[in-house]
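Welcome! Let us take a walk through this structure together, one region at a time.

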Amino acid sequence: MDLTRLSEVDPWSWTVPKLPGESRHEVKLYGSRELLQTMDDKVLEQITNVARLPGLVGAAMTMPDAHWGYGFPIGGVAAFDAERGGIISAGGVGFDISCGIRCLRTDLTLADIMPRLKLLADGLYRDIPAGVGEGGHIRLDVPALDRVLAGGAAWAVEQGYGETADLEFVEEHGRAAGAVPGEVSALAKKRQLGEMGTLGSGNHYLEVQWVERILDQEAACAFGLFEGQILVSIHCGSRGLGHQIGTEYLVSLAKAAGRLGITLPDRELACAPINSDEGQAYIGAMNAATNCALANRQILAQLTRRVFAHQFPNRRLETLFDVSHNTCKAEWHMVESKRRLLHVHRKGATRAFGPGHPELPGRYREAGQPVIIGGSMGTGSYILAGTTASEARAFSSASHGAGRAMSRHAALKRWQGRELLKDLETRGVLVRTRSMRGAAEEAPGAYKDVERVAEATERAGLARRVAVLRPKVCVKG
Amino acid sequence: MPYFEHDADVGVVGRGATLEEAFVSGAQAVFALMTHLESIQPRERVQVQFEEADPELAFVTWINQLLGHAHENGLVLGKFELARDGERWRGSAWGEPWRAEMERGVDVKGATLTMLSVAQRDGGWEARCVVDV
């Protein structure tokens with residue numbers, strides 16, 4: 001990114017001064033100079049376009065892991081007020097609606113699992129459907145899928161996938177309100193009938209990790225974390241259903257924009273006023289897709305427990321937290337000393353409620369919300385905690401991942417899948433995948449340095465670092 | 001190579017003497033990301049039809065309907081036909097269920113409006129967009 005257009009507020013946040021006659025809201029970019037320099041200029045172009053959308057409240061923002069997306073940059077955050085003409089944008093949520101991470105904490109240590117690591121990796125690879133062309137073990141009909149879309153993770157628990165105790169640690173207790181299965185097309189539903197309980201492909205993964213270092217003992221204690229502990233992170237979303245909803249509404253909202261009096265700076269920013277029939281239809285479908293994603297991660301969590309139980313009987317895998325990073329949520333925020341209901345879009349950004357937030361489970365109320373920054377398969381991930389400062393700085397939002405540093409095409413030119421996997425194995429990370437092409441595209445070197453992203457997230461006041469995780473097993477789609 | 005660069009995903013390009021041929025070529029580029037097209041047997045057929053006056057939105061709709069039907073039926077598609085009558089588009093695609101021995105590439109989940117263009121170029125047509133993988 002060309003930084004000459006930016007103005008440095010402090011070493012971790014930047015603004016973009018308006019050009020003469022330019023009419024838009026403020027733009028804020030969080031991250032170090034070094035991280036911003038690695039971002040494509042498209043990130044700046046896209047977030048500046050977001051700042052031109054009607055009803056925006058405060059600034060259009062990017063998180064330290066931002067990269068070029070579709071209309072909205074990935075790592076983009078923008079809040080809109082329905083009462084002031086604010087909009088809902090399909091591009092601002094993304095195609096994989098409610099993609100996120102379910103993190104499970106175990107009572108196992110690294111020493112416990114090492115003797116059976118290969119068996120664990122092979123068991124997860126066998127029992128967790130992953131990758132292109134891999135259907136799930138569950139086949140639903142449309143009425144059953146409608147119950148998934150209305151019930152979310154709570155539906156999965158009712159079907160025997162997991163425990164009621166899981167739901168306390170899933171956003172919105174595992175069920176997004178306002179889901180309208182009737183606003184989801186027949187084709188979107190058909191795509192999903194055989195895809196419940198599947199990981200998908202691309203950057204989705206299931207990873208067995210160990211806690212290398214605790215950085216904030218108090219929060220770690222609240223989160224139930226200790227050094228040497230084994231965790232499992234499951235990264236996936238609403239699968240085919242979410243994508244079909246995303247693509248269909250993107251086209252229909254793009255066509256409706258003119259009729260709705262919205263001038264789009266980029267057609268991919270297709271949107272509708274929140275208080276319009278079109279906007280409400282998309283919100284109903286989006287919440288249905290959110291429930292699909294929550295149910296999917298709940299099923300995968302239970303499939304994971306079964307594999308662990310086979311290798312390590314009578315051990316616990318509890319839900320630490322489940323947080324989505326492709327969302328639009330109606331939330332109350334303080335804006336200029338007034339409490340306002342805003343629709344906060346987080347496209348590749350994690351909600352990060354600070355200490356005391358009423359929506360947090362009691363166990364985390366003092367520490368703040370667990371925030372998960374997923375890294376690449378060979379490096380590591382971070383658990384952070386939401387901060388009070390993040391409310392004013394970014395409507396309680398933080399980074400969601402390392403963020404790509406190069407295109408998939410460039411990664412394919414640089415790495416060979418089989419050699420990469422062998423190299424990772426020599427470094428103690430067992431990767432299981434059916435796609436060597438996918439492995440090469442997801443090479444650790446194709447991502448930004450997760451350490452720098454986590455550091456920038458903390459220094460920018462968005463969330464504070466609690467624990468460093470290192471991978472041991474990675475099942476890739 | 002019928003592809004172009006995007007940070008997180010992949011850009012596909014379809015070229016042909018006619019608009020319909022360019023769209024078919026674009027569909028081939030999409031499914032070639034998932035496996036080798038030559039390994040796919042045309043055992044099952046899916047049919048696609050829609051109305052769309054805007055050629056760019058028609059390209060996105062064509063790709064997304066193919067992906068939707070392929071995922072719905074657990075198929076991988078390798079052969080495509082498309083005909084147009086004004087705003088009405090009618091197409092067919094052939095393929096088969098995934099087989100264990102098939103090379104696995106990356107799943108394409110949907111076509112996007114990013115870098116979307118359908119234009120006449122060098123005496124033929126070119127259709128391009130970024131697909132989400």
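What covers the buried residues of H5(A)? The cover includes helix H4 (110-113), strand S8 (205-214), helix H12 (277-311), strand S18 (430-432) and strand S19 (463-476), which belong to chain A. Please keep in mind as you look around that this is a predicted model.

Now turn to the helix under that cover. Helix H5 of chain A spans residues 117-127, and its buried residues include Leu120(A), Ala121(A), Leu124(A) and Tyr125(A). Because these residues cover an arc of only 130 degrees around the axis, they sit on the same side of H5(A). On the face of H5(A) turned away from the buried side, you will find the exposed residues Lys118(A) and Arg126(A).

Next, pick out a single residue in chain A. Arg105(A) has its place in strand S7, which runs over residues 100-109. Is Arg105(A) buried or exposed? A residue is called buried if 20 or more other C-beta atoms lie within 10 Å of its own. Arg105(A) has 23 such atoms within 10 Å, so Arg105(A) is buried. Leaving aside residues up to four places away in sequence, Arg105(A) touches Gly224(A), Leu225(A), Gln229(A), Leu231(A), Glu318(A) and Leu320(A). Look also for Thr319(A): it is 214 residues from Arg105(A) along the chain, yet the C-alpha atoms of the two are separated by 6.3 Å.

Chain A brings 37 residues to the contact and chain B brings 29 residues. On the side of chain B that touches chain A, strand S1 (3-5), H2 and strand S6 (110-111) are the elements that give two or more residues. H2(B) gives the most to that side, with seven residues. By type, the residues on this side of chain B divide into twelve nonpolar, ten polar and seven charged.

Finally, let us follow H2(B) to a partner in chain A. Two packed helices are described by the angle between their axes and the distance between the axes. The crossing of H11(A) past H2(B) is left-handed. In this contact, Gly240(A), Gln244(A), Thr247(A) and Val251(A) from H11(A) meet Leu57(B), Val60(B), Thr61(B), Asn64(B), Gly68(B) and His71(B) from H2(B). The residues of the contact of H11(A) with H2(B) divide into three nonpolar, seven polar and no charged.

Technical notes
Residues are numbered from 1 along each chain as its sequence is written. Chains are lettered from A and ligands numbered from 1 in the order in which they are written. This is a predicted model: local features need pLDDT of at least 70, side-chain atom pairs count only at pLDDT 80 or more; totals for chains, interfaces and linings use all residues. A residue is buried if 20 or more other C-beta atoms lie within 10 Å of its own, exposed if 12 or fewer, and partly exposed in between; C-beta atoms are placed from the backbone. Helices (H or I, at least four residues) and strands (E, at least two) are DSSP runs, numbered from the N terminus. The arc is that of the directions from the helix axis to the C-beta atoms. Two residues are in contact if their C-beta atoms, placed from the backbone, lie within 7 Å. A crossing is left-handed if the near helix is turned anticlockwise from the far one by less than a right angle, and right-handed if clockwise. Ala, Val, Leu, Ile, Met, Phe, Trp, Tyr, Cys and Pro count as nonpolar, Asp, Glu, Lys and Arg as charged, and the others, Gly among them, as polar.
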